[in-house]
Amino acid sequence: MKTKPAIVKPAIVKPAIGSHPADRAGESIEALRKAAVTCRACPLWKNATQTVFGEGPAHAPIMLVGEQPGDQEDLAGHPFVGPAGGLLTRALAAVDVPREQVYVTNAVKHFKFELRGKRRLHKKPVDAEIAACHDWLRREIELIGPNLLVALGATAARSILGRATPIMVNRGKLHQYAPGISLLITVHPSFLLRVPEQDKDNEYRRFVTDLELAKPFLRAT
Ligand code: URA
């Protein structure tokens with residue numbers, strides 16, 4: 001018997017327009033990026049080096065959304081430049097989607113970590129932090145105007161859909177997000193770095209298979 005596909009409906013709860021700095025930042029992605037530099041919407045800015053904003057073509061047809069910058073991204077000020085970013089770039093190349101042609105961003109724009117000696121260990125953002133950062137992502141989506149959103153993992157899906165969304169049952173298929181915008185949900189590339197060695201190849205192949213659904217969106221432009 002065929003299982004019914006899970007239905008995903010956007011459920012973003014929007015705060016009053018104008019109450020978040022993202023809504024006062026103007027109408028260009030550059031103005032939005034500039035305004036985000038001084039964001040104080042949640043306490044994560046205090047320990048982070050800098051805001052790490054999205055990057056890519058101003059009208060990219062595909063927008064990939066990760067969780068939050070990691071240690072290397074925090075220091076460099078660019079998204080997905082560490083090990084997870086390397087894996088993501090490789091997987092995109094495998095499906096003929098050059099990374100330079102997509103917009104890459106995060107649900108949360110500051111690195112959250114705890115210090116263990118000298119090491120800064122990644123900490124998952126909580127719902128309040130995801131919500132505080134959501135308006136930056138919402139405005140990125142509005143200004144870039146992608147035809148496809150790719151949610152990389154649970155935090156991205158949480159921000160995009162406004163509620164907890166199981167990744168494994170919703171991954172690997174196209175959902176309708178909004179008129180003219182499809183949504184592809186898949187795992188976060190750092191998941192692939194953490195799986196046991198014997199599962200790595202298989203999980204990487206599944207990730208690449210998911211990303212294959214993105215390719216036609218590049219050709220359509
Ligand atoms: N993980 C993310 O989710 N985003 C980055 O930019 C880097 C690692």
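Predicted model: local features only at pLDDT ≥ 70, side-chain atom pairs only at ≥ 80, totals over all residues.
## Briefing: loops, core and ligand site

Aspartate 96 lies in the loop between H3 and strand E2 (103-106). Aspartate 96 has a positive phi of about 65° although it isn't a glycine, and its side of the story is an exposed one, with a relative accessible area of 51%.

**The H3–E2 loop**

- Aspartate 96 counts as exposed because its relative accessible area, 51%, is over the 50% cut-off.
- Valine 97 sits in the loop between H3 and E2 as well, but at 1% relative accessibility valine 97 is buried.
- What does valine 97 touch, once neighbours within four places in sequence are set aside? The list is Ile62, Leu92, Val102, Lys215 and Leu218.

**Phenylalanine 80 and helix H3**

- Phenylalanine 80 is in the loop that runs between helix H2 (71-76) and helix H3 (83-94).
- Like aspartate 96, which has a phi of about 65°, phenylalanine 80 has a positive phi, here about 50°, without being a glycine.
- Is phenylalanine 80 buried or exposed? It's buried, with a relative accessible area of 5%.
- Glycine 85 belongs to helix H3 and is buried too, at 1% relative accessibility.
- Leaving out residues within four places in sequence, glycine 85 is in contact with Phe80 and Arg99.
- Glycine 85 and glutamine 72 are 13 residues apart along the chain, with 10.0 Å between their C-alpha atoms.

**The ligand site**

- Which residues surround the ligand? They are Gly66, Glu67, Gln68, Pro69, Gly70, Glu73, Pro79, Phe80, Asn106 and His188.
- Glutamine 68 brings a polar backbone atom to 2.9 Å from a nitrogen atom of the ligand.
- Phenylalanine 80 uses its backbone as well: one of its N or O atoms is 2.8 Å from a ligand oxygen atom.
- Asparagine 106 works through its side chain, where an N or O atom is 2.7 Å from a nitrogen atom of the ligand.
- How much of the ligand's area does the protein bury? Taken alone the ligand exposes 240 Å², and the protein buries 93% of that.

**Threonine 155 and its link to glutamate 67**

- Threonine 155 is part of helix H5 (residues 154-161), and it's buried, with a relative accessible area of 5%.
- Its side chain has a polar contact of 3.2 Å with the side chain of glutamate 67, and Glu67 is one of the residues around the ligand.
- Not counting residues up to four places away in sequence, threonine 155 touches Glu67, Ala107, Lys124, Pro125 and Ile130.

**Aspartate 210**

- Aspartate 210 is in helix H8 (residues 200-212).
- Aspartate 210 counts as buried because its relative accessible area, 7%, is under the 20% cut-off.
- Beyond its neighbours within four places in sequence, aspartate 210 is in contact with Arg171, Gly172, Leu184, Ile185 and Thr186.

**The nonpolar core**

- The largest nonpolar core has 59 residues, and the members touching the most others are Ile62, Ile160 and Phe207.
- Helix H4 (residues 127-144) gives the largest share of this core, with eight residues.
- Ile62 comes up in another place too, as one of the contacts of valine 97.
- In soluble globular proteins, nonpolar side chains tend to be buried together.

**The cysteines**

- How many disulfides does a search of the whole structure find? It finds zero.
- Cysteine 39 is in no disulfide, and its nearest cysteine sulfur, from cysteine 133, is 6.0 Å away.
- Cysteine 133 is likewise in no disulfide, with the sulfur of cysteine 39 as its nearest at 6.0 Å.

Technical notes: Residues numbered from 1 in each chain as written. Heavy atoms only, no water. Core = buried A, V, L, I, M, F, W, Y, C linked by side-chain atoms within 4.5 Å. Buried < 20%, exposed > 50% of the residue type's maximum accessible area, 1.4 Å probe, protein only. Helix = DSSP H or I, 4+ residues; strand = E, 2+ residues; numbered from the N terminus. Disulfide = S-S within 2.5 Å. Near = heavy atom within 4 Å. Polar contact = N/O pair within 3.5 Å; in protein donor to acceptor, adjacent residues only side chain to side chain. Areas by Shrake-Rupley, 256 points an atom, 1.4 Å probe, with all protein chains shown as cover. Contact = heavy atoms within 4.5 Å.
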